[in-house]
Amino acid sequence: MADTEGGSRAGWRCAGLRWSTAGAAPEPALVWRHPAHGERLSPLPPGRPLAFTTGDGRRCVGVRRGGRHTPCPEAAAVPETAVSAQCPQCARLDRSRSVAADTIADDPRPYDVYLAWFAPGLIKVGITAAERNGARLLEQAALSYALLGRGPLMAARRAEAVLGAALAVPDRFPYAAKRAARHPAAPPADRAAELAELHERALGLAGLPESLAVRDFAPVHHDAAFHLDRVRPSPGTVGLAPGRTVAGRVAAVAGPDVYVDTPGGQLLLDARHLAGWALTAAAPDATTTASIRAAWRPAEPDALF
């Protein structure tokens, strides 16, 4: 498998990072895909060595829908600095039937409406399939969240719209604001208090769908899952290009961001940018040759989610 455990085998490419809530505690893992051999995962616990060299180019990761992966028919090249690792054709196919893109209305699964806390004054409303058990909030790097209610997809969408209109609660933020709030992170009690106030106001709104089963306030905090105590201020941000090496040990993972401790200091590796690369294992003590930005600067308009 083309991962950092056993070198490179032809055809395997990194497809980014995925959070699982199936075990006793949330767990992040790098995802690997092969056109013929499917998918494998490499867990990223704190302390794990992470050392790799990028291949000769970044390629489209294709489309994953309903747990099934469809490779990109063109194996199209993807810009090194793009947040998305999909070519335009695969991105259109992905969004043609997507809850996130609001192009699906007949999903029979129950959906949760949530309030997610990212920074003081930055709380967003969103929806996620109830069966995902909070994985969406981990993917978004929410430091804390609280469920507002559960119901059919269209009821959840309606509740999301009501909060946006009545309370001016947004459904997305620039990603830079989320990163900046991780060090130092506000105490969980402060986050809970801000969430509780908004939760109470939301449940008092007229116009919430009757089919939405409201939830009592019960905040969830991700300090332990993200290992926020290991995050250092202003880590250098990794920029990837062909034939570049990154070597160190995993310190923490928050959303798609992997914090890597190296002899030269802590680095931030955005797994969204890692997706699409073929990787070859490097020596644990290899020198990092990837470009490092001293402060986070987007090479393109930042993704909102």
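Trainee: Why is Phe 118 called buried?

Mentor: Its relative accessible area is 1%, and buried means under 20%, exposed over 50% and partly exposed in between, with a 1.4 Å probe and protein chains only. Phe 118 is therefore buried. This is a predicted model, in which local features need pLDDT of at least 70, side-chain atom pairs count only at pLDDT 80 or more, and totals for chains, interfaces and linings use all residues. Residues are numbered from 1 along each chain as its sequence is written, and side-chain values use heavy atoms, with hydrogens and water left out.

Trainee: What makes Phe 173 buried?

Mentor: Phe 173 has 9% relative accessibility, which is under the 20% limit, so Phe 173 counts as buried.

Trainee: Why are the rings of Phe 118 and Phe 173 called an edge-to-face pair?

Mentor: Rings of Phe, Tyr and Trp (its six-membered ring) pair if their centres lie within 6.5 Å; planes under 30 degrees apart count as stacked, over 60 as edge-to-face and the rest as tilted. Here the centres are 6.0 Å apart and the planes are at 75 degrees, so the pair is edge-to-face.

Trainee: What makes Lys 178 a charge over the face of Phe 118?

Mentor: The rule asks for NZ of Lys or CZ of Arg within 6 Å of the ring centre and within 35 degrees of the ring normal. Lys 178 lies over the face of Phe 118, at 4.4 Å from the ring centre.

Trainee: Why is the pair of Trp 19 and Phe 226 edge-to-face?

Mentor: Their ring centres are 5.5 Å apart and the planes stand at 65 degrees, so this pair is edge-to-face.
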